[in-house]
Amino acid sequence: CEGSNLVGAFVSNQVGTGHIVTTIAITNVGTTTCELGGYPTLVGLRGNKELKLRLTAHGTWGGNLRPTTLAPRMNGALIIGTGDMCAPSYGVPVAGHSYLGLIVVLPKNGGSIKVPGVTIDTTCYLTESQLGWRRNFSIQGV
């Protein structure tokens, strides 16, 4: 898949025991089928600044996804994991670690997808799933 054929949208945050799982929908708005997969690079948006984010690990408390084939108008996803219960902050965001949007940079020079409205705090950690889908996964009603 190419970034110019994809649109990203914030779906939800699920919070539990200091872990935050953020789901982002990735929709194929192109006219042809494409393959969505691999681990993207994440860039945080803070005002006019774009800052490459440091990942702690692959896989999240919300699980991982598998590469998938997206037909036109079909959704894939990305899951991001962060936490807010580490020292020294214990639930209070540390300055310089909060972002109000993301750019998902696709693997293999596939372009990028801007996703406004995703609020994350990387103070404790930042993990990500592969781009894709999995059986029994839903972005509706999350």
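One disulfide is present in this structure, a disulfide being a pair of cysteine sulfur atoms within 2.5 Å. The bond joins Cys1 to Cys34, with the two sulfur atoms 1.9 Å apart. The structure is a predicted model, in which local features need a pLDDT of at least 70 and side-chain atom pairs count only at pLDDT 80 or more, while totals for chains, interfaces and linings use all residues. Residues are numbered from 1 along each chain as its sequence is written, and side-chain values use heavy atoms, with hydrogens and water left out.

**The disulfide**

- The torsion about the S-S bond of Cys1 and Cys34 is about 80°, so the disulfide is right-handed.
- Cys1 belongs to the segment before strand 1, whereas Cys34 lies in strand 3 (residues 34–36), so the pair ties together parts that are 33 residues apart in sequence; strands here are DSSP runs of E with at least two residues, and helices runs of H or I with at least four, numbered from the N terminus.
- Cys1 is partly exposed, with a relative accessible area of 22%, while Cys34, at 13% relative accessibility, counts as buried; buried means under 20% relative accessible area, exposed means over 50%, and partly exposed lies in between, with a 1.4 Å probe and protein chains only.

**Confidence**

- The chain averages a pLDDT of 87, and 89% of the residues score at least 70, where pLDDT is the predictor's confidence in each residue, on a scale from 0 to 100.
- Confidence in the chain is lowest in strand 1, at a mean of 89, and highest in strand 7 (residues 68–70), at 96.
- Where pLDDT is low, the predicted coordinates should not be read in detail.

- An open sheet of five strands has the order 1-2-8-11-6, and its pairing is mixed; two strands count as paired if DSSP finds at least two bridges between them.
- Strand 1 (6–16) and strand 6 (57–58) stand at the edges of this sheet, each with a single partner strand, so one side of each is left without a neighbour in the sheet.
- Strand 1 pairs with strand 2 in the antiparallel sense over 10 bridges, and within this part of the sheet Gly8 has Ile26 in strand 2 as its bridge partner.
- Strand 2 (residues 19–28) also pairs with strand 8 in the antiparallel sense, over nine bridges, and here the bridge partner of Ile24 is Leu78 in strand 8.
- Strand 8 pairs in turn with strand 11 (residues 126–128), again in the antiparallel sense, over three bridges, with Gly81 standing opposite Thr127 in strand 11.
- Strand 8 (residues 75–83) is mostly covered, since eight of its nine residues are buried.

- Four strands form an open sheet in the order 5-4-9-10, with antiparallel pairing.
- The edge strands of this sheet are strand 5 (49–52) and strand 10, each of which pairs on one side only.
- Neighbouring strands of this sheet are turned by 30° against each other on average, direction ignored; axes are lines fitted to C-alpha atoms, for helices over the stretch in contact, and angles run from 0 to 180 degrees between N-to-C directions.
- Strand 4 (residues 41–46) and strand 9 run antiparallel and are joined by four bridges, and Thr41 has Val105 in strand 9 as its bridge partner.

**Loops on either side of strand 10**

- Lys108 lies in the loop between strand 9 (98–105) and strand 10, and Asn109 has its place in the loop between strand 9 and strand 10 as well.
- Most residues other than glycine have a negative phi.
- Lys108, although not a glycine, has a positive phi of about 55°, and Asn109, a residue other than glycine, likewise has a positive phi near 55°.
- Lys108 is exposed, with a relative accessible area of 83%, and Asn109 is exposed at 78%.
- Lys108 and Glu2 are 106 residues apart in sequence, and their C-alpha atoms are 9.8 Å apart in space.
- Thr123 is found in the loop between strand 10 (112–121) and strand 11, and this threonine is buried, with a relative accessible area of 17%.
- The side chain of Thr123 makes a polar contact with the side chain of Asp121 at 2.6 Å; a polar contact is a pair of N or O atoms within 3.5 Å, and within protein one must be able to donate a hydrogen and the other to accept it, while residues adjacent in sequence count only if both atoms are side-chain atoms.
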